[in-house]
Amino acid sequence: MYGTKTSRVVVIGTGNVGSSYAFSLINQNITDEMVLIDLNKEKTEGDAMDLNHGIPFGAPTKIWAGEYSDCKDADIVVITAGANQKPGETRLDLIEKNVKIFKGIVGSVMESGFNGIFIVATNPVDVLSYATWKFSGLPMERVIGSGTILDTARFRFLLSEYFDIDVRNIHGYIMGEHGDTELPVWSQTRIGSEPIDRYMSKYKKEGKQEDLDNIFINVRDAAYHIIERKGATHYAIAMGLARLTKAILRNEHSILTVSTLMKGEYGLDDLYIGVPAIVSQHGVEKSVEIDLTDVEMDKLHHSADVLKEAMKPIFEVK
Ligand SMILES: NC(=O)C1=CN([C@@H]2O[C@H](COP(=O)(O)OP(=O)(O)OC[C@H]3O[C@@H](n4cnc5c(N)ncnc54)[C@H](O)[C@@H]3O)[C@@H](O)[C@H]2O)C=CC1
Ligand SMILES: CC(=O)C(=O)O
């Protein structure tokens with residue numbers, strides 16, 4: 001953790017996402033130690049060597065290809081292992097194979113005596129975060145899914161291009177499933193401190209609602225567009241996971257759109273779904289219940305219903 005204790009992050013699954021995340025961690029000097037685990041042990045050995053050779057140009061991180069026993073002293077275990085989408089596949093199509101893989105992985109991590117925080121990125125991330133919470137027996141605040149952290153980043157980026165405004169001045173959230181039923185919270189989207197509709201009528205008179213609708217469609221479908229072109233998405237999620245890791249290790253109390261357990265918030269229960277939440281060294285401190293319009297609330301409930309339906313064959317969800 002930030003301060004005197006040596007921080008350790010274990011990355012399980014060093015494919016496209018896991019190795020890009022590892023690269024982000026050393027470039028941003030986020031952790032003292034980093035352990036790499038994958039079914040393909042040779043690949044983790046190669047990655048550890050390659051990353052270590054970059055240390056003279058970066059931060060003094062101790063990196064090695066490790067074992068599950070290394071999770072015992074980890075602050076954070078990040079799971080990016082499992083199948084990814086092939087062109088045309090949805091995230092929910094991956095549910096069965098990845099839940100099976102997670103049962104094994106989470107069991108092995110817990111056997112080590114791990115008592116830290118899980119971050120889950122593997123898809124379908126909301127379902128696998130719920131699975132990790134169930135399989136691990138850890139309190140919900142210590143199992144966090146990357147949720148719509150990436151979708152929110154895509155949303156802010158595309159709006160910043162459209163308005164030609166620094167992305168850091170674009171405030172807004174994508175909520176719901178990290179997937180086809182996610183929703184943009186237009187009613188709370190701001191350019192600087194101006195609500196987006198007011199900003200548009202003042203400063204972008206030629207702008208149309210249709211442009212904003214298309215921006216959201218491009219956010220929702222971004223993974224499909226990238227996978228068609230290069231087979232996988234990994235850099236942006238890796239940076240999002242690094243951001244989340246930093247919020248935990250440095251006790252930042254950052255509001256990020258992560259996947260967390262609903263316990264009555266927004267009228268939802270017993271599922272993990274992407275909502276804005278405060279993230280600190282304890283994990284998810286609490287989710288932030290922002291005001292939604294009736295239409296936005298209906299969309300969030302539809303997204304939750306789709307996730308629950310997908311979970312039913314595997315878990316006894318209420
Ligand atoms: N949450 C998000 O926003 C995003 C999630 N993803 C998801 O991340 C996951 C990983 O994607 P990629 O890195 O592209 O896949 P990949 O195929 O490149 O890497 C997956 C890795 O997992 C390893 N693996 C499989 N079973 C394992 C097990 N039982 N134990 C340890 N390692 C195991 C494989 O050997 C492989 O190295 C996918 O489910 C993908 O859909 C990808 C991008 C964004
Ligand atoms: C693959 C994936 O989940 C994404 O890029 O959003």
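Predicted model: local features only at pLDDT ≥ 70, side-chain atom pairs only at ≥ 80, totals over all residues.

Biologist: Which residues does UniProt give as "binding site"?

Modeller: The UniProt record, an unreviewed entry, places that feature at R156 and H171.

Biologist: Why is R156 called buried?

Modeller: The cut-off for buried is 20 or more other C-beta atoms within 10 Å. R156 has 20 such neighbours, so R156 counts as buried. Its place is in helix α5, residues 149-163. Leaving out residues up to four places away in sequence, R156 touches V167, I170 and G172.

Biologist: What makes H171 partly exposed?

Modeller: Exposed would need 12 or fewer neighbours and buried 20 or more. H171 has 15 C-beta neighbours inside 10 Å, which lies in between, so H171 counts as partly exposed. H171 sits in strand β7, residues 170-171, and touches T189 and R190, again not counting residues up to four places away in sequence.

Biologist: How do you know that the length of α5 agrees with its number of residues?

Modeller: The expected span is 1.5 Å times one less than the number of residues. For the 15 residues of α5 that gives 21 Å, and the end C-alpha atoms are 21 Å apart, so the two agree. Just after α5, D164 takes a positive phi of about 55°.

Biologist: Which residues of α5 are buried, and what covers them?

Modeller: I149, L150, D151, T152, A153, F155, R156 and L159 are buried. The cover includes strands β7, β8 (174-175), β9 (183-184) and β12 (254-263), together with helices α7 (209-220) and α9 (235-249).

Biologist: Which residues come nearest to ligand 1?

Modeller: G15, N16, V17, A81 and N123 do, out of 31 residues around ligand 1. Helices α1 (16-27) and α3 (95-111) each supply at least two residues of that shell.

Biologist: From which domains does the shell around ligand 1 draw at least three residues?

Modeller: From domain 1 (8-145) and from domain 2 (149-311), at least three residues each.

Note on methods. Residues numbered from 1 in each chain as written. Chains lettered and ligands numbered in written order. UniProt positions renumbered as here; feature names shortened; annotations may be inferred. Helix = DSSP H or I, 4+ residues; strand = E, 2+ residues; numbered from the N terminus. Contact = placed C-beta atoms within 7 Å. Near = placed C-beta within 6 Å. Domains from an automatic or database assignment.
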